[in-house]
Amino acid sequence: DEVNDALIGRLFAHGGAADARVGDDGIMRVRVNVPRDKYLWEPAIIIMPRGGEIEIDFTNPDRVLHAAFLPSIGGRQMLHIPEGKGGRARLRLDQPGYYFFGCPIQNHAGRGMLGLILVKGDTPAEARLDRPPQRRP
């Protein structure tokens, strides 16, 4: 139930993984850093324990402008993250699944600035496929 940094954190852009923490207000929070001259997110994988709202605080000590093109219910969001500064985005991801985000500036995503938000939980009954039950690990 915890992040296995030796496995999952090394699979995606080598930026590691982090669990979003649920605050007293029910909103999940996580910090993401852009390391200088590396073109990646740290962490690159964000794990939400369930669907809901998440606040992501980005910091950019790098010398170039970055942006985060983020998934959210109702449409994607774009957050500009100027060099030497940061920014905050609040997203709503209600369903379990995998949600990708990246930096759309020049070829930053192609150089490694891709991220993944993993939302844990079971699929609602109305969204399940009609197939035989699958073995669970």
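**Residues in their surroundings**

Modeller: Happy to. Let's begin with Arg-92, which lies in strand β8, spanning residues 85-93. Keep in mind that this is a predicted model.

Colleague: Is Arg-92 buried, exposed or partly exposed?

Modeller: Partly exposed, since its relative accessible area is 36% and that class sits between 20% and 50%.

Colleague: And which side chain does Arg-92 make a polar contact with?

Modeller: That would be Asp-94, with the two side chains joined at 2.9 Å.

Colleague: What does Arg-92 touch beyond its neighbours in sequence?

Modeller: Outside the four places on either side, Arg-92 is in contact with Gly-52, Glu-53, Ser-72 and Ile-73. Gly-74 is 18 residues away along the chain, and its C-alpha atom is 8.5 Å from that of Arg-92.

Colleague: Switching to Asp-57: where is it found?

Modeller: In strand β5, residues 52-60.

Colleague: Buried or exposed?

Modeller: Asp-57 counts as buried because its relative accessibility is 15%, and the cut-off for buried is under 20%.

Colleague: What partner does the Asp-57 side chain have for a polar contact?

Modeller: The side chain of Arg-88, at 2.5 Å.

Colleague: Which backbone oxygen lies 3.1 Å from a polar atom of the Asn-60 side chain?

Modeller: The one of Val-64. Leaving out residues within four places, Asn-60 is also in contact with Val-34, Leu-65, His-66, Ile-81, Pro-82, Glu-83, Gly-84, Lys-85 and Gly-86.

Colleague: OK, new topic: the largest nonpolar core. Which of its 26 residues touch the most other members?

Modeller: Those are Trp-41, Ile-46, Met-48, Ile-54, Ile-56, Phe-58 and Ile-117. At least two residues of this core come from each of β3 (28-33), β4 (45-48), β5, β6 (66-70), β7 (77-81), β8, β9 (97-102) and β10 (114-119).

Colleague: Last one: what does Ile-117 touch, not counting residues up to four places away in sequence?

Modeller: Ile-117 touches Ile-46, Met-48 and Ile-56, and also Pro-71, Leu-91, Leu-93, Gly-97, Tyr-98, Tyr-99 and Phe-101.

Note on methods:
Residues are numbered from 1 along each chain as its sequence is written. This is a predicted model: local features need pLDDT of at least 70, side-chain atom pairs count only at pLDDT 80 or more; totals for chains, interfaces and linings use all residues. Side-chain values use heavy atoms; hydrogens and water are left out. Helices (H or I, at least four residues) and strands (E, at least two) are DSSP runs, numbered from the N terminus. Buried means under 20% relative accessible area, exposed over 50%, partly exposed in between (1.4 Å probe, protein chains only). A polar contact is a pair of N or O atoms within 3.5 Å; within protein, one must be able to donate a hydrogen and the other to accept it, and residues adjacent in sequence count only if both atoms are side-chain atoms. Contact means heavy atoms within 4.5 Å. A nonpolar core is a set of buried Ala, Val, Leu, Ile, Met, Phe, Trp, Tyr and Cys residues joined through side-chain atoms within 4.5 Å.
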